[in-house]
Every structure is written in structure tokens, then in C-alpha cells.
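Welcome to this short tour! Open your viewer and get ready to select one part after another.

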Amino acid sequence: MAILNPTTQHSIVREIQTLLLSHKHIHLRWLKAHVGYLGNECADQLAKEAITKGEPFLLPKPLSYLKSEIKSAALSIWQDNWDNGETGRSTPRVSNKPVGWNREETMFVTGHGPFPSYLLRFNLRTHDNCSCGEKGDPIHYATKCPFTLSWHFQTPTVPLKLQWLKNILTNNFSRTRLRLLMRFICDENNLIVEDND
């Protein structure tokens with residue numbers, strides 16, 4: 001696959017490509033390994049001998065490998081800082097896998113949305129209470145608020161809060177209910193958020 005890549009920067013691959021272009025009678029084909037093809041078996045044997053003679057044969061690692069290693073290390077450091085941080089958090093473990101969340105789901109998980117508990121941080125509200133009198137955060141609207149009763153989920157216990165959130169986000173029916181809840185909160189924000197200004 002590397003030899004077929006015309007934009008490769010790897011010096012050994014570039015050398016092979018040049019040799020193949022100047023020797024058009026040489027053709028490369030894929031062969032299944034270890035099924036008795038004489039040339040393939042000889043190549044395997046020579047490769048093993050080269051390794052056992054102790055002569056170092058180092059291929060430089062591609063840039064993509066370095067990027068992957070740096071990303072993995074950064075995620076590990078970030079996760080460690082997150083786990084050992086001082087403030088309470090409700091976001092699941094960090095991952096570099098795409099989650100496919102839409103806008104409403106992201107607002108709910110991060111708490112960055114039309115919630116009094118979030119808006120207070122930016123002085124857009126004078127308090128963090130919902131119209132019903134309790135703290136207006138995402139969990140409140142998803143489990144207790146009388147204005148969002150149609151979309152309520154079972155209230156999670158504190159130690160199982162992350163698992164509760166993960167279960168919601170991995171279940172299509174629950175994700176649909178969560179999106180409807182968030183749309184209601186966004187559309188009817190004046191009903192559920194009381195401001196004393």
C-alpha cells in the first residue's frame with residue numbers, strides 16, 4: 001500500500017518506487033504468507049536471519065504514528081487532570097472516538113445551554129434556580145422539574161451518575177427523549193427559567 005502511494009515521504013518507499021519505475025518488467029503481487037511459496041519462504045528466512053544477527057534495522061516512524069502517540073499522551077494527561085480535579089463534573093471519560101452527538105445532546109452533557117446554573121456563571125441570570133425553585137441544571141430538568149415531566153428519566157444515584165448518563169446516550173429511544181427535552185427547554189425557556197431582574 002505504501003508503494004502505491006505517490007505522495008509518500010518515506011525515503012525507503014521512494015527508493016522502491018524509483019526502482020520499480022526504471023525496471024518495468026518487475027511486478028509486485030500480494031501472496032498469502034506461510035503456504036509454501038518458495039520465494040516468500042526465502043524472504044521470511046532472510047528477514048529472520050537479519051534480525052537474529054543483531055544488526056539494527058530501524059525504519060523511521062511515519063508522522064501519523066508520532067501524531068497518534070502525542071494525541072494519546074495528551075488525552076491521558078487530560079483525563080488524569082480531569083479525574084483528579086477539584087470541581088464536580090458530569091462529563092463521561094474523554095475519548096478520541098467520535099460520539100456523534102447532536103447539538104441538544106452536547107448541551108445536556110456539558111451543561112452549556114439554557115440552564116440557569118450555566119447562565120448564572122456569565123451574569124445572564126441573578127440566580128441559578130428553575131421556576132419551580134430548585135437548582136436549574138440538566139439533571140434537574142431531566143429528572144425532577146414539574147415543567148418537564150413528560151421527558152423525565154429515573155433519577156440517578158450520585159455514584160452511578162456517569163453510568164446513568166452513558167446509558168442514556170447509548171440508547172436511541174433515550175437519546176430521542178433527551179433531544180425532545182432539550183428542544184422544549186430551548187423553546188420554552190421563559191416558562192422554566194424565572195428571572196428576578
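Our first term is pLDDT, the predictor's confidence in each residue, on a scale from 0 to 100. For this chain the mean pLDDT is 81, and 87% of the residues reach 70 or more. The model is predicted, so to speak of local features we need pLDDT of at least 70, and side-chain atom pairs count only at pLDDT 80 or more, while totals for chains, interfaces and linings use all residues. Residues are numbered from 1 along each chain as its sequence is written, and side-chain values use heavy atoms, with hydrogens and water left out.

**Whole chain.** Helices (H or I, at least four residues) and strands (E, at least two) are DSSP runs, numbered from the N terminus. Of the 197 residues, 25% count as buried, meaning under 20% relative accessible area with a 1.4 Å probe and protein chains only; exposed is over 50%, and partly exposed lies in between.

**Two helices.** Select residues 138–143: this is α6, which has the highest mean pLDDT among the elements, 92. Now select residues 189–192, helix α9, where the mean pLDDT is the lowest, 73. Where pLDDT is low, the predicted coordinates should not be read in detail.

**A loop residue.** Next, select Val 35, in the loop between α1 (11–22) and α2 (38–52). Is Val 35 buried or partly exposed? Val 35 counts as partly exposed because its relative accessibility is 47%.
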